[in-house]
Number of protein chains: 2
Amino acid sequence: MSHFTEIDNLAVNTLRLLSVDTVDAAQSGHPGAPLGMSPAAHVVWTKFLNLNPKNPDFCNRDRFVLSNGHAVAMLYSLLHLAGFNYKIEDLQQFRQLGSKTPGHPEFDLEGVEITTGPLGQGISNAVGMAIAQANLAATYNKPGFELSNNHTYVFLGDGCLQEGVASEAASLAGHLQLKNLIAIYDHNHITIDGSTDVSFTEDVLKRFEAYGWEVLTVENGDSDLDAIYNAIAQAKQSNKPTLIQNKTTIGYGSVNEGTHSVHGSPLKADDIAQLKTKFGFDPKKKFDVPQEVYDLYKTQLAQRGLESNKIWDQNFAQYKQKYPELGAEFQRRLNGELPANWDSTLPVYTPKDSAIATRKLSEMLLDSIHSTLPEVLGGSADLTPSNLTRWKEAKDFQPPSSGLGDYSGRYIRYGIREHAMGAILNGISAYGVGYKPYSGTFLNFVAYAAGAVRLSALSGHPIVWVATHDSIGVGEDGPTHQPIETLAHFRALPNLHVWRPADGNEVSAAYKVAIESKSTPSIIALTRQNLPQLEGTSIEKASKGGYVLQDVANPDLIFVATGSEVSLSVDAAKILASQNIKARVVSLPDWLSFDRQPEQYRKSVLPDGVPILSVEVLATNGWGKYAHQHIGMTTFGASGKAPLVFKHFGFTPEVVAEKAAKTVSFYKGKTIVSPLSSPF
Amino acid sequence: MSHFTEIDNLAVNTLRLLSVDTVDAAQSGHPGAPLGMSPAAHVVWTKFLNLNPKNPDFCNRDRFVLSNGHAVAMLYSLLHLAGFNYKIEDLQQFRQLGSKTPGHPEFDLEGVEITTGPLGQGISNAVGMAIAQANLAATYNKPGFELSNNHTYVFLGDGCLQEGVASEAASLAGHLQLKNLIAIYDHNHITIDGSTDVSFTEDVLKRFEAYGWEVLTVENGDSDLDAIYNAIAQAKQSNKPTLIQNKTTIGYGSVNEGTHSVHGSPLKADDIAQLKTKFGFDPKKKFDVPQEVYDLYKTQLAQRGLESNKIWDQNFAQYKQKYPELGAEFQRRLNGELPANWDSTLPVYTPKDSAIATRKLSEMLLDSIHSTLPEVLGGSADLTPSNLTRWKEAKDFQPPSSGLGDYSGRYIRYGIREHAMGAILNGISAYGVGYKPYSGTFLNFVAYAAGAVRLSALSGHPIVWVATHDSIGVGEDGPTHQPIETLAHFRALPNLHVWRPADGNEVSAAYKVAIESKSTPSIIALTRQNLPQLEGTSIEKASKGGYVLQDVANPDLIFVATGSEVSLSVDAAKILASQNIKARVVSLPDWLSFDRQPEQYRKSVLPDGVPILSVEVLATNGWGKYAHQHIGMTTFGASGKAPLVFKHFGFTPEVVAEKAAKTVSFYKGKTIVSPLSSPF
């Protein structure tokens, strides 16, 4: 017996036409994918998805990720039908400046789980959501109290499956046996270049089987709602993640169905007319939603979700009675709060403490804070013994059958998959319930994940990259492993903390700001080599992003530096002092935190009237914001012993002092405007 | 009957111990992989590899790529044994500053085909080399004249196989049926985090079968030379690319064999001693090479290669007689020359020509130049109808059986695989014979390939990215598709042209410099929207990277701008003129070309004494090199109609003129130092 009636078919076509009308109103967008995917979307939303439109943040809701984000007209249409705060007028404002219906799904919109559009990200984010769910369940569920059991549904297309980031994430998801992850692959055989025959002829199902996924096929995804239903029902029984290959026709119903011409441009007026007629709708009406369709979404989605939310709330109230400690912790996380005084566990150092590599200081910090913060999920893309991202007693996040850990483990072995790791971090963060994921690799290889880092910043996921081996200080591994452009790259992203701490107190400050951040991600660049604990640092000062580390009255010059070049600048200042040149030393470990300070404070650190010289063993691009002249790298690095490489490129106190003295002479008698001063 | 004798075993152990001694001398490096891979390396080099150590650039040589570049001590040892210009003294200088044996393989070293180390790149480069070979063969081979038939051998480890870039490249290689590509997968089950069981449990062979590869297994890669031989011989018969899973023991022979502790640190002295004893060597001797081993490499590699090169030369001499045109073209390419006057095919524009999007101007240029330059191999990561990278009559590079093109086609359908595309570009370029690959995607998605772009710049592969949709001018697709940080990122890389042309002449200049470049890659950022043809542009001027577009006597202000903001600045200058403020307009389409001009020229464009205001609708990071104040983007973009988005962010002539006027007032009476002036 079918699970569906004629009203379901009506609803599917309503969804299709809403999407078409939405794109038509904008005269911009993608009608093809919604026409093909609407049947599967309808089945998932009305038969399976546990969502409460009255409480979009219900923590045990199922997550729905549209990895092929260009099909967003369908998502807005679904959100409208389901009773989220999207009116027909909002659909009519699709892709207009300032509307709540932008051209791709954006994380801050109601009912949108994560920003998608750049292909391959959504499916990888979904892996992160499934990881978070598994960890939450393993941490808090108790007999009779399934606080967490939601599924993550992700729609993706041929495009997503070609991206390497998706391959990485899928391989890891298979390894982790994330059974609550269900991916529905809209296999329409079309990308912008035409048929997938031109470049994508691999056997996708076999590949996913190789990853350890369950694979299923729906032969007629254009109209066989029961087949879609059965596949999803079967997927929910599997103990693996599932990929359902749903064969559809792009632009189903259009006169150009099955071709790439329906992918990225609005349908023509007469095509829309014939489409509406074909589907039994009035070709003269736009944004036409029969009442039965609203009713169906009300009874089969909104009410189900409301009820489920209510039961969960009751269940959680009892849980808090029975497990007061865990319950309070869960509640605290739901409230978006950190434990009181959590930051008292941050290590503090004095200049008497020994010189230590900042990567090692990071490890010591993680050792110190991890037990206070159960929401912290660590990990690394291999390299654990090098980037020191694993606290001593960490348990691995692993499928229990592996014998290597379990889902309550808080250290994720990402494998050598930096890009997926970045996208998974975003997914874990987007899952909510206070999750604070961090992960590690060499700074130079964060660039592999640039696509995901950009989305962290754009969407405001407060995730953390522990990025070690932060300069030519890498030494013998040579220029392939020595970052040059990396900080310039990431500092140019809006809304991203890019820390390069100079010592232990600055490492603690970086983590403090990162962990307390609600909507800004962080990269913390750390050294391989030892650095001294400096006179003049403190967590409080460094948390401002920039501050006067060592001062003199009426300085002739200001050094502004980060990381390993702060102590270098201190040493250079000593040489200058012996030449009667007075230098202030400013440490500027995070530009963004500094930029967010009041102007008066910033100008007190970097005032008018004094030449400012930046010192950083990386590309100087961007330093013009804070300094008049720059000492940095203008070429790639070199393979050799680190101290010799530093010397080779002129990063010694003597050479820095010499350049500083020349800078002082150069500016003598000139009016000097601080780079912070701006006419507009 | 075995193909090997006891001398082969001696040679294998010599290779192992040379690698161990090399790492030991440096007290830094990776002994584990060489110990495991030496048998396979020995078999490939002595039985199969066609290399002429006396002519390392022999164009039909087999290519050997060490994708797991950390095993480079083995590569240097092989190059030494084979008679390349690597002495024992060079091995002893491993990883020392200025030596010819740096910590990872670098492209400019004799016998090193490509820079590797960042995992996943080498295997993807190898796909590019195999593409170049197939194209060269299809273009020039004639009956009786197989000018090109070389194989590309690539060694890779578990790490490379986890990287998404490798997945993308492998999928494409399978689609393209690149039969001359043979990948030898050193399956030792170990990465830095320990056993691959912690994160990498997929079925790799099944995955590669799904991609369309031949897959073979060698059960005992530690000592079964014949099995390795047979597998490679079988691979050479296949009509697909082949992956040979070669099961080995990392650190074979060490007391710590099979563990990650032998991966990245020198072996201890007593371990080396027992290893040498075990292999029948004198534990007191270092860098010990029995004469029989030198003799073996001489007869079984160097002489074979010399002979092969000689035969090829004779063959090519006859070819030039029989096919004078093709022969001359091949010879020209071997000489590294472009056709005489090739640049006369570059389009030239005047201000009377209509406004055209620079992406469209790029397409028109490709239409114009492609027939003159057979070495140009185009392509795109999908998006062809959007980034306009395909000239009208292009034939696709496809396996003939696909019916969609053949190997003489010069347009590659990369699929939605930006990172692999970048690595493949590097491989095509590294192959030599004058190949000039370009490819396209949206500027924002070049970031997916950041890892490969970095290696283009580091290694000096003069490849080209056609990067369209270069700003918020993307419009409705919104912030996920609108670059902000992208140019700041790529401009911070040494040795990378980053063009943002303002009109047709500047587009021609960008391509002229890119195609004539011998060792610098280029990114050409192009608009989606129309731009006017400007008064004051020319190919010659724009080729300098920066120039005075429109001038006035004694300017009060200098605008410096790129791309779409050049015409905006011209319009703003008109408004200022009506207020009696005189503004020069400088176009700065490529910073690197400008930086390479003599100081006198640069200072004539951006002199002391005048405030300079940059205008670019991207992050302002880096503009401090050229301007005192900046108009740019400080947030991500927005979804909306492009002109409205521009207006929303203040990119109108009126707002720019207003900020310019404030800048003039701000600097009145102050000494103004050009940012180009430096005290050191």
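Mentor: Begin with the annotation. UniProt feature names are shortened, and annotations may be inferred rather than shown by experiment. Keep in mind too that this model is predicted.

Trainee: Which residues of chain A does UniProt give to the feature "domain: Transketolase-like pyrimidine-binding"?

Mentor: The unreviewed UniProt entry places that feature at residues 356-533 of chain A. The span is 35% helix and 17% strand, and its end C-alpha atoms lie 8 Å apart.

Trainee: What does the domain assignment of chain A give?

Mentor: Domain 1 covers 6-308, domain 2 covers 342-531 and domain 3 covers 547-667. The centres of domain 1 and domain 2 of chain A are separated by 33 Å, taken over C-alpha atoms.

Trainee: How do I read the size of an interface?

Mentor: It is often given as the accessible area lost when the parts come together. Here, domain 1 and domain 2 of chain A bury about 2,700 Å² between them, with 64% of it on carbon and sulfur atoms. On the domain 1 side, Asn135(A), Glu168(A) and Leu172(A) lose the most area to domain 2, together 20% of what that side buries. By contact, 33 residues of domain 1 meet 32 residues of domain 2.

Trainee: How do helices H7(A) and H15(A) pack, and at what angle?

Mentor: H7 (residues 164-176) and H15 (residues 418-431) of chain A pack at about 75 degrees, with axes 8 Å apart. They are therefore roughly perpendicular to each other.

Trainee: Which residues meet there?

Mentor: From H7(A), Val165(A), Glu168(A), Ala169(A) and Leu172(A). From H15(A), Glu418(A), His419(A), Ala420(A), Ala423(A) and Ile424(A). The residues of this contact divide into 6 nonpolar, 1 polar and 2 charged.

Conventions:
Residues numbered from 1 in each chain as written. Chains lettered and ligands numbered in written order. Predicted model: local features only at pLDDT ≥ 70, side-chain atom pairs only at ≥ 80, totals over all residues. Heavy atoms only, no water. Helix = DSSP H or I, 4+ residues; strand = E, 2+ residues; numbered from the N terminus. Axes fitted to C-alpha atoms, helices over the stretch in contact; angles between N-to-C directions. Parallel < 35°, antiparallel > 145°, perpendicular 65-115°, else oblique. Contact = heavy atoms within 4.5 Å. Nonpolar A, V, L, I, M, F, W, Y, C, P; charged D, E, K, R; others polar. Domains from an automatic or database assignment. Buried area = accessible area lost by both parts, 1.4 Å probe.
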